[in-house]
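Here is a short briefing for a first look. Take in the sequence and the structure, then read on.

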Amino acid sequence: MPIISIFRSMKILITGAAGFLGSHLSEKYVGEGHTVYGIDNISNGNLNNIRTLLHKKNFKFIYDDIRKSDIYTKIPNDLDAVIHLAAQIHVDRSIVNPEETFEINVNGTLKILEYCRTNDIDKILFASTSEVYGSAQYVPMDEKHILGAQHPYGVSKIAADRLCYTYNETYDLGVDIIRCFNFYGPRQKDTGYGGVIAIFINRVLQNKPPLIYGSGEQTRDYTYISDVINAYDLILKTKGNPGKNGINFGSGSEISVNKIAEVIIDKSGMNNNQKLKPQYLESRPVEVQRLFADITRSKELLNFKPMISFENGIEMLIEWYKNFKSELWTF
Ligand SMILES: NC(=O)c1ccc[n+]([C@@H]2O[C@H](COP(=O)([O-])OP(=O)(O)OC[C@H]3O[C@@H](n4cnc5c(N)ncnc54)[C@H](O)[C@@H]3O)[C@@H](O)[C@H]2O)c1
């Protein structure tokens with residue numbers, strides 16, 4: 001697919017701009033000289049993630065909720081692109097409060113799509129997820145895999161993913177449906193319902209054992225954040241909508257939770273006396289057992305190639321934790 005030549009500055013709206021992925025993408029596009037309008041209600045994000053951007057002229061932060069109609073009056077109606085990331089992302093919380101999750105993930109997405117439709121915005125990147133597939137029926141999992149999610153978070157993402165598809169078909173809106181498999185890196189939350197890698201590193205660096213639910217043989221396909229940023233950037237700067245029918249991004253390999261714990265313990269330097277071993281807890285309800293991406297489509301359409309191996313990614317993240325993580329909570 002042809003790449004758009006971007007010499008002019010763009011106006012980009014990023015929802016969820018103070019979150020894990022949103023803050024990295026905001027940083028990238030502000031750094032490239034584009035004007036970024038970032039919305040976040042800080043329900044899961046952190047102002048510290050964007051503290052270096054807040055004083056920049058080309059970063060406009062809107063501290064509010066995507067579901068509120070009046071916030072759209074604060075955004076110009078001639079945006080070049082919208083990157084819609086804001087979501088309630090926690091599976092456990094979606095099980096406790098499915099209504100809230102659907103309100104944010106489905107109705108919130110509908111608001112964004114309507115805003116784009118009424119303002120003729122034709123480049124919209126929607127953060128769907130591999131969680132829409134549910135546990136693998138076959139591997140590697142391509143975009144034709146059944147949408148078999150069994151928990152409210154995954155089902156809310158299916159609804160939003162299909163809404164985006166419907167807006168493509170019905171209104172000819174240019175939405176790319178991005179299905180990243182799990183990703184990890186600096187700024188991912190390591191508390192409560194955060195990603196397993198962040199939680200394990202946080203525990204291991206305090207000399208506490210990683211806690212594994214079930215046998216630990218469940219697998220995931222983990223991509224380092226810089227590869228995910230590259231994936232979004234390839235989509236943003238490619239003409240047309242290569243992700244119209246859904247597009248997977250992942251590492252293209254699977255790793256068990258046991259192996260994740262082993263690599264983190266090994267790379268942390270905390271295991272001199274070999275005492276740090278995972279502790280096993282009862283399985284959680286509706287946990288996906290296997291995820292493993294087929295990334296043929298993103299390779300063929302975008303020349304996507306993940307660059308960071310799992311071991312390297314973990315090394316970089318542990319270094320970040322040792323040097324910078326404490327700054328995160330001091331804003
Ligand atoms: N982290 C992963 O492994 C992963 C994998 C696949 C897809 N995704 C998707 O990527 C997107 C970003 O994920 P992330 O890990 O950066 O999550 P995150 O929670 O760090 O970022 C989401 C941001 O949205 C904000 N937000 C939530 N509800 C809002 C609302 N109603 N109004 C305004 N802001 C709101 C939160 O405060 C948060 O800052 C999500 O849509 C997620 O479903 C994440």
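Which residue of E2 does Lys-11 stand opposite? Lys-11 faces Thr-35 in E2. This is a predicted model, in which local features need pLDDT of at least 70, side-chain atom pairs count only at pLDDT 80 or more, and totals for chains, interfaces and linings use all residues. Residues are numbered from 1 along each chain as its sequence is written. Helices (H or I, at least four residues) and strands (E, at least two) are DSSP runs, numbered from the N terminus.

**The sheet**

- Seven is the strand count: an open sheet of 7 strands has the order E3-E2-E1-E4-E5-E6-E11, with parallel pairing.
- E3 and strand E11 (247–249) are the edge strands, and each pairs on one side only.
- From one strand to the next, the twist averages 20°.
- Two strands pair if DSSP finds at least two bridges between them.
- Strands of a sheet pair through backbone hydrogen bonds, either parallel or antiparallel.
- E5 and strand E6 (residues 175–180) run parallel and share 6 bridges.
- Leu-125 has Asp-176 as its bridge partner in E6.

**Strand E1**

- E1 and E2 are parallel and joined by 5 bridges.
- The chain goes from E1 through H1 to E2 in a right-handed β-α-β crossover.
- Right-handed means that, with the strands pointing away from the viewer, the path from the first strand over the helix to the second runs clockwise.
- E1 also pairs with strand E4 (residues 81–84), in the parallel sense, over 4 bridges.
- Thr-15 stands opposite His-84 in E4.
- E1 (residues 11–15) is largely enclosed by the rest of the structure, because 5 of its 5 residues are buried.
- Buried means that 20 or more other C-beta atoms lie within 10 Å of the residue's own; exposed means 12 or fewer, and partly exposed lies in between, with C-beta atoms placed from the backbone.
- In a regular strand the side chains alternate between the two faces of the sheet.
- Lys-11, Leu-13 and Thr-15 are buried on one side of E1, and Ile-12 and Ile-14 are buried on the other.

**Helices over the sheet**

- H3 lies across E1, E4 and E5, and runs at about 175° to E4.
- H4 lies across E5 and E6, at about 150° to E6.
- Axes are lines fitted to C-alpha atoms, for helices over the stretch in contact, and angles run from 0 to 180 degrees between N-to-C directions.

**Around the ligand**

- Of the 29 residues around the ligand, Gly-16, Gly-19, Phe-20, Gly-45 and Ala-87 come nearest.
- A residue is near a molecule or strand if its C-beta atom, placed from the backbone, lies within 6 Å of it.
- H1 gives the most to this shell, with 3 residues.

**Loops**

- Val-139 and Pro-140 are joined by a cis peptide bond, with omega about -15°.
- Pro-140 sits in the loop between E5 and helix H4 (152–171).
- Glu-143 is found in that loop between E5 and H4 too.
- Glu-143 touches Asn-245, Gly-246, Ile-247, Asn-248 and Arg-297, not counting residues up to four places away in sequence.
- Contact means that the C-beta atoms of two residues, placed from the backbone, lie within 7 Å.
- Ile-42 is not a glycine, yet its phi is positive, about 55°.
- Ile-42 lies in the loop between E2 and strand E3 (59–63).
- Ile-42 is exposed, with 12 other C-beta atoms within 10 Å.
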